[in-house]
Amino acid sequence: MDKISKDMGIMDIVTAHPETLEVFAQYNMGCIGCAAARFENLEAGAKVHGIDPDEMVKAMNEVIEKSAGQ
């Protein structure tokens, strides 16, 4: 399983792990509809929204692990 890191591109994360969409929704980040998502990494996107990127990375990796265990 690939781990998410804050330097990964937003669209790369969603493409590889669609289950992370629920984390974006939890943090009120509608990134998929945003043009910046195509070139912005997770850290930059989170900071623009006032969100701790490390918290998002942790939440995303937990969702991926849970999904892989099913």
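Lys6, Glu43, Lys47 and Asp54 are linked in a network of salt bridges. A salt bridge is defined here as a side-chain nitrogen of Lys or Arg within 4 Å of a carboxyl oxygen of Asp or Glu. The structure holds five salt bridges. The model is predicted, so local features need pLDDT of at least 70 and side-chain atom pairs count only at pLDDT 80 or more, whereas totals for chains, interfaces and linings use all residues. Residues are numbered from 1 along each chain as its sequence is written, and side-chain values use heavy atoms, with hydrogens and water left out.

Helices are DSSP runs (H or I, at least four residues), numbered from the N terminus. Lysine 6 also forms a salt bridge with aspartate 54, the closest N and O atoms being 3.2 Å apart. This pair links distant parts of the chain: lysine 6 precedes helix 1, aspartate 54 belongs to helix 4, and 48 residues separate them. A further salt bridge joins glutamate 43 to lysine 47, at 3.3 Å from N to O. Both of these residues lie in helix 3, four residues apart, about one turn of the helix.

Buried means under 20% relative accessible area, exposed over 50%, and partly exposed in between (1.4 Å probe, protein chains only). Lysine 6 is partly exposed at 29%. Glutamate 43 is partly exposed at 23%. Aspartate 54 is partly exposed at 46%. Lysine 47, at 53%, is exposed.

Helix 4 has 16 residues. Its span from first to last C-alpha is 22 Å, close to the 22 Å expected at 1.5 Å a residue; the expected span is 1.5 Å times one less than the number of residues. Aspartate 52 lies in the loop between helix 3 (42–48) and helix 4 (53–68). Aspartate 52 caps the N-terminal end of helix 4, with a side-chain oxygen 2.8 Å from the backbone nitrogen of aspartate 54. Aspartate 52 is partly exposed, at 34% relative accessibility.

The buried residues of helix 4 include Pro53, Met56, Val57, Ala59 and Val63. Helix 1, helix 2 and helix 3 are among the elements that cover the buried residues of this helix. Asparagine 61 lies in helix 4 and is buried at 9%. A polar atom of the asparagine 61 side chain lies 2.7 Å from the backbone nitrogen of isoleucine 4. Beyond neighbours within four places in sequence, asparagine 61 is in contact (heavy atoms within 4.5 Å) with Asp2, Lys3 and Ile4.

Threonine 20 is placed in the loop between helix 1 (10–16) and helix 2 (21–26). Threonine 20 is buried, at 0% relative accessibility. Its side chain has a polar atom 2.7 Å from the backbone oxygen of histidine 17. Not counting residues up to four places away in sequence, threonine 20 touches Ile13, Val14, Met60 and Ile64. Met60 and Ile64 are among the buried residues of helix 4. Alanine 16, in helix 1, is partly exposed at 46%.

Note on methods. Helix = DSSP H or I, 4+ residues; strand = E, 2+ residues; numbered from the N terminus. Polar contact = N/O pair within 3.5 Å; in protein donor to acceptor, adjacent residues only side chain to side chain.
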